[in-house]
Amino acid sequence: MKLPTMKLPSMKFPAMKTKLPTFPLNRVVRTMQAMFALLVLVLSASGKIAWGDKITRWYHAMTPLPTPAQTTFLLAVAAWSLISLIAIELLPRFLPQVPRSHLTLPFDLTNTLFYLGGLAALAVFMSQLVVCWTFVCLAAQADVAAAAASFAFWSASAFLTVRDMIKDRRVLAAARRAEEKGVA
């Protein structure tokens with residue numbers, strides 16, 4: 001036995017031409033870069049924090065050993081990344097004729113490589129410790145995690161910058177082709 005079927009009337013919806021708001025992904029990534037750079041700076045720098053001594057101060061005060069070069073390097077990388085963020089925001093204002101992506105890509109790539117190097121060096125140093133139970137050791141582990149997050153955000157920023165460069169290059173090529181067609 002065959003069941004009856006019902007035909008629905010065909011409905012065509014008009015094409016909607018609404019422009020979706022763009023999400024400021026670059027701004028969010030830059031904010032996260034600044035936050036994690038400050039976190040790495042705080043974890044690596046000397047001084048007191050609420051739950052114990054920081055890594056550099058502890059090494060100077062409690063051991064005859066010099067501060068590990070790995071934490072000092074991450075301290076410098078965090079300072080460099082903050083300087084880079086300031087430059088990324090200010091340089092396009094002073095050099096408006098240069099595309100923004102051409103100004104930011106060197107900063108993105110150097111910070112990505114610096115954080116990768118500092119992260120790997122400190123992780124290897126931490127893996128070679130026999131005992132790791134003090135607040136200083138926990139701060140160093142948190143430093144490794146913050147450096148890994150910073151590496152991820154600088155990598156994402158470099159990817160977005162390269163994507164913008166490719167997009168700009170395509171737009172320029174299309175404009176040149178249209179200009180050549182119009183002239184010919």
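**View 1. R27, E89 and R100 form a network of salt bridges.** The model shown is predicted. A search of the whole structure turns up 4 salt bridges. Three residues, R27, E89 and R100, are linked through such contacts. E89 pairs with R27. E89 also pairs with R100. The next two views take these pairs in turn.

**View 2. E89 meets R27 in a salt bridge.** The closest N and O atoms of the pair are 3.4 Å apart. How accessible is R27? R27 is exposed, with a relative accessible area of 53%. E89 is partly exposed, at 24%.

**View 3. E89 also forms a salt bridge with R100.** Here the closest N and O atoms are 3.6 Å apart. E89 belongs to helix α3 and R100 to helix α4, residues 100–127, so this pair joins parts that are 11 residues apart in sequence. R100 counts as partly exposed, with a relative accessibility of 40%. Why does R100 count as partly exposed? Its 40% falls between the cut-offs, because buried means under 20% and exposed means over 50%.

**View 4. R163 pairs with D164.** This is a salt bridge, and its closest N and O atoms are 3.6 Å apart. R163 is partly exposed. Its relative accessible area is 39%.

View 5. In what order do they come? Starting at the N terminus, the elements run α-β-β-α-α-α-α. Helix α4 holds R100.

**View 6. Interior and surface of the protein chain.** The protein chain has 184 residues, and buried residues make up 32% of them. The accessible surface comes to about 12,800 Å². Carbon and sulfur atoms account for 71% of that surface. Contacts also reach along the sequence. Among contacts between residues at least 6 apart in sequence, 72% join residues at least 24 apart.

Methods: Residues numbered from 1 in each chain as written. Predicted model: local features only at pLDDT ≥ 70, side-chain atom pairs only at ≥ 80, totals over all residues. Heavy atoms only, no water. Salt bridge = Lys/Arg side-chain N within 4 Å of Asp/Glu carboxyl O. Buried < 20%, exposed > 50% of the residue type's maximum accessible area, 1.4 Å probe, protein only. Helix = DSSP H or I, 4+ residues; strand = E, 2+ residues; numbered from the N terminus. Contact = heavy atoms within 4.5 Å. Areas by Shrake-Rupley, 256 points an atom, 1.4 Å probe, with all protein chains shown as cover.
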